[in-house]
Amino acid sequence: MESTTANAWTICDPVHGKVTYPAYVREIVDTLQFQRLRNLKQLGTSSKVFPSGTHTRFEHCLGVCHSADKLLKTLERNSGVQISHIHRKCVVLAGLLHDIGHGPFSHMWEDFVHSGSDKHWTHEQSSCDMARQLFANNEIQLSQEAYEHYYAEQLICALITGNQEALNTLLTPDTMYLAEIVHNKRYKIDVDKWDYLLRDVFYLSGVVQIGTEFVRLFDHARVVRDGSGITHIGYRASDYRAIVALFEARTKLHIECYQHPTILGLEKMMIEAFTLAEESGFRLRGTKISEAHLSPDIYLYLDDSIVNLIETSSESSQLLGAQQLLARIRLRKLYTRLHTSTDGPCDVEELNKRFGSEEFFQVRKRIPYASQMAPRNVPLYELVDNEVRLIDGSEIVEEVMSALEEQGFFEQYIVYCKSSNPKVINSAREYLRSKSTNQSVQ
């Protein structure tokens, strides 16, 4: 549901309610580059396990855009700062465009690309490439002044990537706090993380039980200065528990959803299917799919529908192996989970030798708890006689951290079998069970 006026665009978001955007946001949303996000599921393959998790990067990016604008207004209200029109526009559009470079099936695509020739690609890099293409191809001017347009384009990309070197040249000490809104590399608290956690919890409601104590995390945020005079976003000392709650939610979602054992095995199948398809000659407009990100003109047409393109390709005889894997996924004949261990890895090489095959593989699941992830150096303040005072928050941090049940990392090793042969599955499972029992006795 949406409505428009000459100067604004209003939609109803399931997480944020009725949201009104400035006209320049609508102009960008109505482009091929941004509309592509409608066909990218936020949770990748997770809907195969959690049927309600079908929301998209399109919704999330609109949510981050709104959240960035809302935080800017909060900082103005709480701190009395004045944010220039161009800086406001850059932060809002960085929120809108921060995920425009994601590949199919979310972060799984990065693993697929890294398994090929490009070991260092990130979706943030492609977000910048796609943003530049969007501005150029749609003749979108971020400012009437050519220099200011160039500056805004550079700043939007730096805010998306969190490139501190670039930000140091584009922002002054007075405006450096703007770098902590969309992609906060310094303290890891930003509206991107805030929105995707709230959104995922909403769509997984009733499936994963996670508190949203962090929902009002930014309400009392202020602009503060460190000892060098550089501005940051500071948080009320009593809100540090809400900061930790944000990272507790992240950990729980990783354990129970993002890295669910079935999903990890499914992602392995998907990557193998894409690899087989590419090795068999499948191309997207003449380009390897693992290299599509190198050309924004090609990447524009790469989304979750890539599965359908492979399945219906006229080169069906060459693509038979990939198509068979994708058919297994559709029918949920997934790789079988044989064994899960928290005591260390299994010797999968020995297992493959024993059965004379390459049917077995192992995935390591290592997820930091909030005690590991939550920032300990975030600026904290207290109000004393209506005056804002930065404090040494070490005592508060330690008090909250020491009360956490989990410390360090959640770690599991999961062994899977590619074969669907019941005899192979049962024999391997029994072998691993007996081996695990013998080791525990020793």
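**Reading helix packing and ring pairs**

A: UniProt, in an unreviewed entry, places the feature "domain: HD/PDEase" at residues 53-206, where positions follow the numbering used here, feature names are shortened, and annotations may be inferred rather than shown by experiment. This is a predicted model, in which local features need pLDDT of at least 70 and side-chain atom pairs count only at pLDDT 80 or more, while totals for chains, interfaces and linings use all residues. Residues are numbered from 1 along each chain as its sequence is written, and side-chain values use heavy atoms, with hydrogens and water left out.

Q: What are the percentages of helix and strand over residues 53-206?
A: The chain there is 61% helix and 0% strand, and its end C-alpha atoms are 12 Å apart; helices (H or I, at least four residues) and strands (E, at least two) are DSSP runs, numbered from the N terminus.

Q: At what angle do helix α3 and helix α4 pack?
A: Two packed helices are described by the angle between their axes and the distance between the axes. Axes are lines fitted to C-alpha atoms, for helices over the stretch in contact, and angles run from 0 to 180 degrees between N-to-C directions. Here α3 (residues 57-79) and α4 (residues 85-97) pack at about 150°, with axes 6 Å apart, and are therefore roughly antiparallel (under 35 degrees is roughly parallel, over 145 roughly antiparallel, 65 to 115 roughly perpendicular, the rest oblique).

Q: Which residues of α3 and α4 make the contact?
A: With contact meaning heavy atoms within 4.5 Å, α3 contributes residues including C61, L62 and L72, and α4 contributes residues including R88, V91 and L96. The residues of this contact divide into nine nonpolar, one polar and four charged (Ala, Val, Leu, Ile, Met, Phe, Trp, Tyr, Cys and Pro count as nonpolar, Asp, Glu, Lys and Arg as charged, and the others, Gly among them, as polar).

Q: How do α4 and α7 cross?
A: The axes of α4 and helix α7 (residues 146-161) come within 9 Å and cross at roughly 45°, which makes α4 oblique to α7. Among the residues in this contact are H87 and V91 of α4 and E148 and Y151 of α7, and by class the contact has 12 nonpolar, one polar and one charged residues.

Q: How many aromatic pairs does a search of the whole structure find?
A: A pair of aromatic rings is described by the distance of the centres and the angle of the planes. The search finds 13 pairs, where rings of Phe, Tyr and Trp (its six-membered ring) pair if their centres lie within 6.5 Å, and planes under 30 degrees apart count as stacked, over 60 as edge-to-face and the rest as tilted. W109 and F274 form an edge-to-face pair, 5.2 Å centre to centre with 70° between the planes. W109 lies in helix α5 (residues 108-114) and F274 in helix α11 (residues 261-279), so the pair ties together parts 165 residues apart in sequence.
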